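Please open the model in a viewer and keep the selection tool at hand.

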Amino acid sequence: MDLSNAVWVFIGCSLSGLLTALTGIPMYLRRQSLAGDALAHALLPGVCLGIWLSGYRDHWLVYLAGTGTGLLSIALVNAIHKRSKIPEDGATGISLVLFFGLGLALLSSMQRSGFGNSGVQHLIMGKAAAMLPSEVYVLGGLFVLALFLAWLLFRPLWLFCFDPEFAQSSGMPMRQTEWLLNLWVALVVTASIRSIGMVLTAALLITPAAIGHFLSFKPKYMIGISMLSAGFSGALAAWWSAYQPGISTGAAMVVLLSLFAFFVLLAWPNLGYLSRYWISLLEKKRWIQENILKELWKAKGLSDQELAFRCGISDAKSLRIKRSMAQQGLIEKEKGSWALSSLGQEKASSVVRRHRLWESYLHERLNLPADHLHDNAEIVEHLLTDELESRLEAILSKPEQDPHQSQIPYKKS
Amino acid sequence: MISAAVLITSLLIAINASIGGTFLVLRRMGMLTDAIAHAILPGLVIGYLLAESRSSPLITLFAAATGLLVTLLIYWLNKYLNVWVEASTGMVYTSFFALGILGVTLFGENADLDTDCILYGELLWIPFRRPLSGTFLDFAPWAVWQQLMLLGLWAILLLPSWPIWKSISFDIDFARTQGLNVERKNVQLLALVSLSTVWSFEAVGAILVMGFMLLPAATAWLWVKRLEHMLALSIALAALSAIGGYVLAWWINLDPSTTMVLVSGTFFLLSLLWQRKSTLRVG
């Protein structure tokens, strides 16, 4: 095909994003993300060897040797981990640095003996602008194959990732599957080096899968989200580097992807950190309001300090919350101290009712002694819903008093 | 050409790194070295850009702070958002590294930084970087003073509370039940590891720092059981591989940092094989 270089780069970057994201998901789910990282670093000696032997950087020998050393590094991790007391992450680090060191030694001796022009220097950081059409074809072929395999083997693979014990007990060849998966990862990473570079491939194996898993537990959504986010960041990075040729496309791709990841983690509606924090703040406020209502219900004409003390909050905070409650019409000022409005009366009696019903339930049904009830009821009174409350009433057949002989305030009907 | 300054610097770097590595390997934080080593890059770039020189303390400060920030971010993602720890490690360090690379390729010319120096380090340039000429400090290269300072900091951190470090390394839950402030010790340890990575980075490169930390410590762990012995043995192994690697580099004309890691790795692999044989004989 006769396309301009920029188009090739664009297609290549998007493809390698899609491909590595799909490949990274099993590694991520099997909690071996960092093994993928080690594997990516460990391709260096193999790829160098391949280029050295064949003289070309898109020769089949390069893929063969790169995949070979990648797999060897995983074998080394397993050997260290199983045959000594060194824990898995130490073993991963050792294997990574050993293979990478070997690769650096090969690389620098190759650069000294005149291989500088064949592009070996870009293996580590990647240089998408120098992508060859043949490399894009390899990526495309692998991507089609990956989609086909993922479709064909979806159920066994998912089982293998999510429930290895069950997979094993139903007769799946675990060791062979694991090695085939590692082989596939090594092949994919070798093919993507051109666009992203060796060090940053780990990002494309891990980050999209983490985004997908954070946003959805459904397998198909998870895969779709991961692939889309990686594919898009690849396309955007290629576009960016077409305008600003000096930048490293791989780094741009990872930066864009990570920005998206951190945005999702921080600010995604309902799931992100900010959203969760906001919900917990609202929840805390509701608890305090309910406690204030309850204290005002129990003792009329409490002084402000006494009320704040009983609710365990500072005077200033209690004042702030009472103002907001007055705005909601829950409480009103009466002869210089706060009292419940009729709406507040209703809400407060509901909180007290739930507290006392729960205490009765714990006492009668769970046989807890009377002095073990209060602390738990202090929490559960905020959690019970109307439905649960009426269930409790029915089960206990509307008791008059709670275990501490206090009246339970029922709604007048 | 064997230069005493390069040899002494690499000896000191290897020794300092192996002290930090001993604790990291024992604490199962081996891959944190990987994360820190990659993640200090954006700190370095920002430092270079702000200071516009290569020997400003600002650079050290920024880079070490980034290293520490990364470990905290990994911990934070894991604790508050339930991101699996290996995934958060991978996510955080790659994003920082990519940011650094992007910075280098965007502003590289101004900052006198290039990707080769990030990978290989520039051990051979060490003798030419000296502190303020004319003062007494001038008699040794900058890197030697840095590493000596670091050795002092390790001594200050470790010696007064040696039993605490021991219990944290081997049985962290016991240390917690004894009321020790484990988190504070963690931060102190990681801060020094981060500093040590930053000061070794220029000399030995980003990724190979990891080898200097993990390999001697892991090798020592294969042979001995007591923390004192492990520390002593890993320092000795680090020193030995620094010297051996330097000689090898001079002999086969490679970058000394690479050969040092390879020598150290050979020690490790030989120990692994030997240990396996001896356990087989016993069992």
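A residue is called buried if 20 or more other C-beta atoms lie within 10 Å of its own, exposed if 12 or fewer do, and partly exposed in between, with C-beta atoms placed from the backbone. The model is predicted, and local features need pLDDT of at least 70, side-chain atom pairs count only at pLDDT 80 or more, while totals for chains, interfaces and linings use all residues. Residues are numbered from 1 along each chain as its sequence is written, and chains are lettered from A and ligands numbered from 1 in the order in which they are written.

**Chain B**

Select chain B. Of its 283 residues, 52% count as buried. Chain B has 12 helices and zero strands; here helices (H or I, at least four residues) and strands (E, at least two) are DSSP runs, numbered from the N terminus.

Next, colour chain B by pLDDT, the predictor's confidence in each residue, from 0 to 100. The mean for chain B is 84, and 84% of its residues reach 70 or more. Where in chain B is confidence lowest, and where is it highest? The lowest mean, 65, belongs to α5(B), and the highest, 93, to helix α11 (residues 227-252) of chain B. Where pLDDT is low, the predicted coordinates should not be read in detail.

**The side of chain B that touches chain A**

Now show both chains; the model scores ipTM 0.89 and pTM 0.84. Two residues are in contact if their C-beta atoms, placed from the backbone, lie within 7 Å. By this criterion, 47 residues of chain B are in contact with 46 residues of chain A. Helices of chain B that each supply at least two residues of this side include α2 (30-51), α3 (57-81) and α12 (256-282). The largest share, 14 residues, comes from α4(B). The residues of this side of chain B divide into 30 nonpolar, 12 polar and five charged. In this count Ala, Val, Leu, Ile, Met, Phe, Trp, Tyr, Cys and Pro are nonpolar, Asp, Glu, Lys and Arg are charged, and the others, Gly among them, are polar.

**The nonpolar cores**

Select B:Ala218. Which residues does B:Ala218 touch, not counting residues up to four places away in sequence? They are A:Ile86, A:Gly90, A:Ile94, B:Val25 and B:Phe268. A nonpolar core is a set of buried Ala, Val, Leu, Ile, Met, Phe, Trp, Tyr and Cys residues joined through C-beta atoms within 7 Å. The largest such core has 181 residues, and B:Ala218 is among those that touch the most other members, as are A:Leu44 and A:Val97. Apart from it lies another core, of 13 residues, including A:Trp338 and A:Val351.

**Chain A**

Select chain A, which has 17 helices and two strands. Its radius of gyration, taken over C-alpha atoms, is 32 Å, well over the 22 Å that the globule rule gives for 413 residues, so chain A is more spread out than a compact globule. The globule rule is 2.2 Å times the number of residues to the power 0.38. Along the principal axes, the C-alpha atoms of chain A fill a box of roughly 95 × 50 × 40 Å.

Colour chain A by domain: domain 1 (5-268), domain 2 (274-340) and domain 3 (344-396), with bounds from an automatic or database domain assignment. The C-alpha centres of domain 1 and domain 3 of chain A lie 55 Å apart.

Finally, select A:Arg365, in the loop between α15 (342-364) and α16 (374-380) of chain A. Is A:Arg365 buried or exposed? A:Arg365 counts as exposed because it has 11 C-beta neighbours inside 10 Å.
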